[in-house]
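Look at the fold below and try to trace the chain from one end to the other. The paragraphs after it go through its parts in turn.

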Amino acid sequence: MPPMPNPSSPQVAVIGAGLAGIACARTLTRAGASVRVFEKALKVGGRMGSRQTPFGSFDHGAQAFTVRDPRFETALRTVPESIARWSTPAVHVVDPLGRITEAADRSEVRWVGTPAMEALPRAWAAPLADAGALVLGTRVQVVERDAVDSSRWQLQTLGDDGSVRVFAGFDAVLFATPASQAADVLERSRLAPTFVERLRGIEVAPCWTLMLAFPQAATALGPAWNAAFSAHHRVAWVARESSKPGRGPVERWTVHASPAWSQEHAGDDPQRVEAKLRKAFAEVTGIRAEPSHTAVKLWRHAKTLTPLGRPHLWDARLGLGACGDWCLGHRAEHAFVSGLELALAALAR
């Protein structure tokens with residue numbers, strides 16, 4: 001049984017357990033607040049997740065992250081065993097046929113979770129899990145005033161098994177979901193119309209991801225480079241997963257489709273998408289061998305095109321807030337900073 005919350009501490013619900021939600025909940029907990037995190041998926045991490053296969057893992061969402069904010073750097077020092085520097089020589093820019101067109105920028109270090117990207121959010125979420133503060137496989141449907149104490153909030157939730165539950169007694173409710181999902185819940189709850197208007201103004205593109213494994217390859221296949229931004233009309237990014245630290249040796253590649261192509265084909269059959277992206281992958285890398293494993297995934301909320309332009313949304317009077325990478329951009333660091341800033345704003349209340 002999860003421990004009972006301390007009634008003398010601020011009671012906070014965080015909706016979403018991606019990097020922004022975990023950063024927010026982690027900051028609140030370290031400051032003494034009682035936090036519960038609600039996540040519709042069965043594990044934490046969001047796009048900082050990884051796909052496990054018999055041939056090794058794929059970082060099918062975020063491929064790497066940079067460290068520019070000193071607060072992010074400080075937080076990363078708490079989990080040194082969960083991150084590693086990606087020592088790929090450089091990230092190139094290539095034309096539709098994989099030929100290098102621009103000198104690579106070697107000035108900025110790129111990091112990854114290890115042994116897979118999901119290791120970082122899992123490490124930060126571990127104290128929350130140990131405290132029974134993670135409620136996974138649970139979708140928040142409605143936020144409403146607490147039936148017992150109208151100065152507080154309660155959440156109506158739907159579990160993966162179809163169970164309906166109510167969690168009550170929250171002083172604040174903080175959304176750490178894609179902007180459109182937060183807007184949907186608030187609209188359904190008839191709350192914060194100004195927030196809804198701001199959230200509806202966020203433009204985010206989807207992304208189709210292709211994963212390929214070539215266990216039959218005795219040596220590395222294809223180009224000399226391990227990661228590249230591509231000018232191909234279907235492909236924005238290509239990376240050799242097996243070049244990342246802590247990964248298995250099997251030759252594996254991840255392909256991110258371009259935002260425009262992903263948007264155009266968001267409703268397509270996955271098999272059709274896979275065929276088109278495999279063809280583009282062969283054109284960019286020159287790898288025409290038959291993979292032993294292929295898979296695709298559509299991230300519906302992948303790359304922010306029009307951000308909020310500020311770190312978070314927060315209404316101190318209501319005790320409602322929202323955060324996410326979409327506030328500032330699309331980097332993992334943007335998600336962390338947004339979650340941190342919202343937590344600090346809520347604590348100041």
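What follows describes the sheets, the nonpolar cores, the aromatic rings and a few single residues of this predicted model.

Strand β19 runs antiparallel to strand β20 (residues 320-322), and three bridges join them. Across this pair, W314 stands opposite G321 in β20.

An open sheet of three strands has the order β10-β11-β12, with antiparallel pairing. Here the edge strands are β10 (138-145) and β12 (164-170), each pairing on one side only. From one strand to the next, the twist averages 25°. How many bridges join β10 to strand β11? Seven bridges join β10 to β11 (residues 153-159), and the two strands run antiparallel. R139 stands opposite L158 in β11. In a regular strand, the side chains alternate between the two faces of the sheet.

Strand β15 (residues 227-230) pairs with β16 in the antiparallel sense over three bridges. One of the facing positions is A227, whose bridge partner in β16 is A239.

Now turn to the interior. In soluble globular proteins, nonpolar side chains tend to be buried together. The largest nonpolar core in this model has 47 residues, of which V14, L28, F65, W124, L174 and F336 touch the most other members. The elements that give two or more residues to this core are β1 (11-15), α1 (19-30), β2 (34-38), α2 (70-76), α3 (119-130), β13, β16 (235-240) and α8. Which element gives the largest share of this core? The largest share comes from α8, with nine residues. Apart from this core lies another, of 30 residues, including V140, V143, W153 and L313.

Leaving aside its neighbours within four places in sequence, W124 is in contact with L19, I22, R26, F72, A75, L76, T78, V79 and F336. Two of these contacts, F72 and F336, return in the next paragraph.

A search of the whole structure finds ten aromatic pairs. One of them is formed by F72 and F336: the ring centres are 4.9 Å apart and the planes are at 40°, so the pair is tilted. Because F72 lies in helix α2 and F336 in helix α8, this pair ties together parts that are 264 residues apart in sequence. F72 counts as buried because its relative accessibility is 0%. F336 also counts as buried, at 2% relative accessibility. Ring pairs link F65, F72, W124 and F336 into a cluster.

T53 is found in strand β3 (residues 51-53), and H293 is found in strand β18 (residues 293-306). Is T53 buried or exposed? With a relative accessible area of 15%, T53 is buried, since the limit for that word is under 20%. H293 is buried too, at 18%. Leaving aside neighbours within four places in sequence, T53 is in contact with F58 and H293. On the same terms, H293 is in contact with T53, F55, F58, M211, L212 and A213. The side chain of T53 also reaches the backbone oxygen of G56 at 2.7 Å.

Two pairs of residues show how separation along the chain and separation in space can part ways. T53 and K40 are 13 residues apart in sequence, and their C-alpha atoms are 22 Å apart in space. V284 and P96 are 188 residues apart along the chain, and their C-alpha atoms are separated by 5.6 Å. V284 lies in helix α7 (residues 270-285) and is buried, with a relative accessible area of 2%.

Notes: Residues numbered from 1 in each chain as written. Predicted model: local features only at pLDDT ≥ 70, side-chain atom pairs only at ≥ 80, totals over all residues. Heavy atoms only, no water. Helix = DSSP H or I, 4+ residues; strand = E, 2+ residues; numbered from the N terminus. Buried < 20%, exposed > 50% of the residue type's maximum accessible area, 1.4 Å probe, protein only. Contact = heavy atoms within 4.5 Å. Pairing = 2+ DSSP bridges. Polar contact = N/O pair within 3.5 Å; in protein donor to acceptor, adjacent residues only side chain to side chain. Core = buried A, V, L, I, M, F, W, Y, C linked by side-chain atoms within 4.5 Å. Phe/Tyr/Trp six-rings, centres within 6.5 Å; stacked < 30°, edge-to-face > 60°. Axes fitted to C-alpha atoms, helices over the stretch in contact; angles between N-to-C directions.
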